There are 4 protein chains.
Amino acid sequence: MTHRAFIWPQRVYYQHTDAGGMVFHTRYLDFMECARTEFLASLGFDLGALARRAHVLFVVHSARIDYHKPAQLNDRLTITARVSRIGRVRLEFEQQVRRGEHVLASATLGLACVDARDYKPVALPEAIRKKLQEAS
Amino acid sequence: MTHRAFIWPQRVYYQHTDAGGMVFHTRYLDFMECARTEFLASLGFDLGALARRAHVLFVVHSARIDYHKPAQLNDRLTITARVSRIGRVRLEFEQQVRRGEHVLASATLGLACVDARDYKPVALPEAIRKKLQEAS
Amino acid sequence: MTHRAFIWPQRVYYQHTDAGGMVFHTRYLDFMECARTEFLASLGFDLGALARRAHVLFVVHSARIDYHKPAQLNDRLTITARVSRIGRVRLEFEQQVRRGEHVLASATLGLACVDARDYKPVALPEAIRKKLQEAS
Amino acid sequence: MTHRAFIWPQRVYYQHTDAGGMVFHTRYLDFMECARTEFLASLGFDLGALARRAHVLFVVHSARIDYHKPAQLNDRLTITARVSRIGRVRLEFEQQVRRGEHVLASATLGLACVDARDYKPVALPEAIRKKLQEAS
């Protein structure tokens, strides 16, 4: 079984770069957040509504990222996202930042569902679990 | 004569919001930077190539922004950009952040062309001036 | 009467700079936010507690900033903040970014007090008004 | 032998938080960048001068971070940095974000020295290696 990856385009703007002439290392993780949000949106889930109405937040509890090649100003990148593990409370995503054929960075992100009011762990909403399983 | 405005979509992600529950005020200016870059790209100009090959940077020398209504997580915004003045060295942009019919923020941005090596003012490249005049 | 200005130090890190080799224009406004927060903290006010307990947010409703000279990586800047107007709901700050004797950027920031639950205007808390008047 | 850790204070401002009411996950890595820079500055090294004069950049090639507890608006954090490995080209840092006794996040950052002009690996400058060995 191959996992399909969601793909999201991202152009590099001045605010992503630094005086070294490349994209600053934490921006890749910002790009990955966008791709995860768009992936969930593509499945019909709105993180804003989830937080405000169902009091559910997805929080990142771990990130492992390796940087292979620098991205530069105006590069047109592709950010991928696929769910690699679905637990009761936790999710794992495999993500990449690519420029054409080249993988510039690859990461594993661990997320957990928490209650927006006290940050205590809560089970992943069933509707989301189902959609994620279908998408993975 | 009416000026046409370039339009660029922007979804609000977690990193744009703050603990007050709305988009942090400086992010609107970040969004406007993206829209200006995409506007120039739509005219065929690549800010990265301009900086690296022609040693020309566009720098912001002034910003005036008014915030009318807050944007929130997951809002799908529209960022507009139109050139309102074209000088020898300087450009002025009128920009808005909109959500549907509502104007959430409006700004006037003053930009200047400078040499990437010493930050001294240089004339706006003729090819860009021509395209901007046609587009305005 | 001369207005005393609060002063806050800020070193320029990689994440503040861009591929043009200077500080990205919106970062100066981020620096100014830090200085305003530290100024209020120096008067005994905690923006976090104000938001969570008194449901009061200070929101920026306008910003006018002029950029005079670029700041660069590792510069040790000084950010100033002084209150230039105190209304019932609104406050105005005059702020500068300086490097030694040089003023790199100067700005006027308009802030308003709003209710953290519905973003409706509320009167500036009396204890804060009093302290700000003494400090200005 | 115990490794001494460099310590750097960091207050949480609005721009570090998100609509979930906590510090956005990538900001912890931004805080760690500040602490590493201040650590090097405390040893007499200026990253700006290194880049501009010696054409040496430190780039992050890997980051592993675990988030234990959320930080919130106005928290006064402590960011630690200590060198855990010194190679010919590469350095490893162990870093934490703490609030009082509590460790909110802990990370291992892998850095490499590269030439600022072509991003090719270069040996860690000898003066820096010596100082880092003394400090670790």
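User: In this predicted model, what makes chain D and chain A copies related as by a two-fold rotation axis?

Analyst: Chain D is superposed on chain A by a rotation of 180 degrees, with 0.0 Å of shift along the axis and an RMSD of 0.0 Å; the two copies are thus related as by a two-fold rotation axis. In chain D, the C-alpha nearest that axis belongs to Arg64(D), which lies 2.2 Å from it.

User: How do you know that the copies, chain D and chain A, meet through the same surface?

Analyst: Of the interface residues of chain D, 100% are also interface residues in chain A, so the copies meet through the same surface.

User: Why are α1(B) and α1(C) called roughly antiparallel?

Analyst: Their axes come within 9 Å and cross at roughly 180 degrees; since angles over 145 degrees count as roughly antiparallel, the two helices are therefore given that name. The contact is made by Thr26(B), Leu29(B) and Asp30(B) on one helix and by Thr26(C), Leu29(C) and Asp30(C) on the other, and by class it holds 2 nonpolar, 2 polar and 2 charged residues.

User: What makes β1 of chain B and β1 of chain C the edge strands?

Analyst: The open sheet has 10 strands with antiparallel pairing, in the order β1(B)-β3(B)-β4(B)-β5(B)-β2(B)-β2(C)-β5(C)-β4(C)-β3(C)-β1(C). The strands β1 (6-11) of chain B and β1 (6-11) of chain C each pair on one side only, and these are the edge strands. Neighbouring strands of this sheet are turned against each other by 25 degrees on average, with direction ignored.

User: How do you know that β1(B) and β3 of chain B pair?

Analyst: Pairing asks for at least two bridges between two strands, and β1(B) and β3 (residues 76-86) of chain B are joined in the antiparallel sense over 6 bridges. As one example, Gln10(B) has Leu77(B) of β3(B) as its bridge partner.

User: Which strands does α1(C) lie across, and at what angle does α1(C) run to β3(C)?

Analyst: The helix α1(C) lies across β2 (56-67) of chain B, together with β1, β2, β3, β4 and β5 of chain C, and runs at about 65 degrees to β3(C).

User: Which helix gives the most to the side of chain B that touches chain A?

Analyst: In this contact, 14 residues of chain B meet 14 residues of chain A. Both α1 (25-42) and α2 (47-53) of chain B supply at least two residues of that side, but α1(B) gives the most, with 4 residues. The residues of chain B on this side divide into 6 nonpolar, 5 polar and 3 charged.

Key: Residues numbered from 1 in each chain as written. Chains lettered and ligands numbered in written order. Predicted model: local features only at pLDDT ≥ 70, side-chain atom pairs only at ≥ 80, totals over all residues. Contact = placed C-beta atoms within 7 Å. Nonpolar A, V, L, I, M, F, W, Y, C, P; charged D, E, K, R; others polar. Axes fitted to C-alpha atoms, helices over the stretch in contact; angles between N-to-C directions. Parallel < 35°, antiparallel > 145°, perpendicular 65-115°, else oblique. Least-squares fit on C-alpha atoms with pLDDT ≥ 70 in both.
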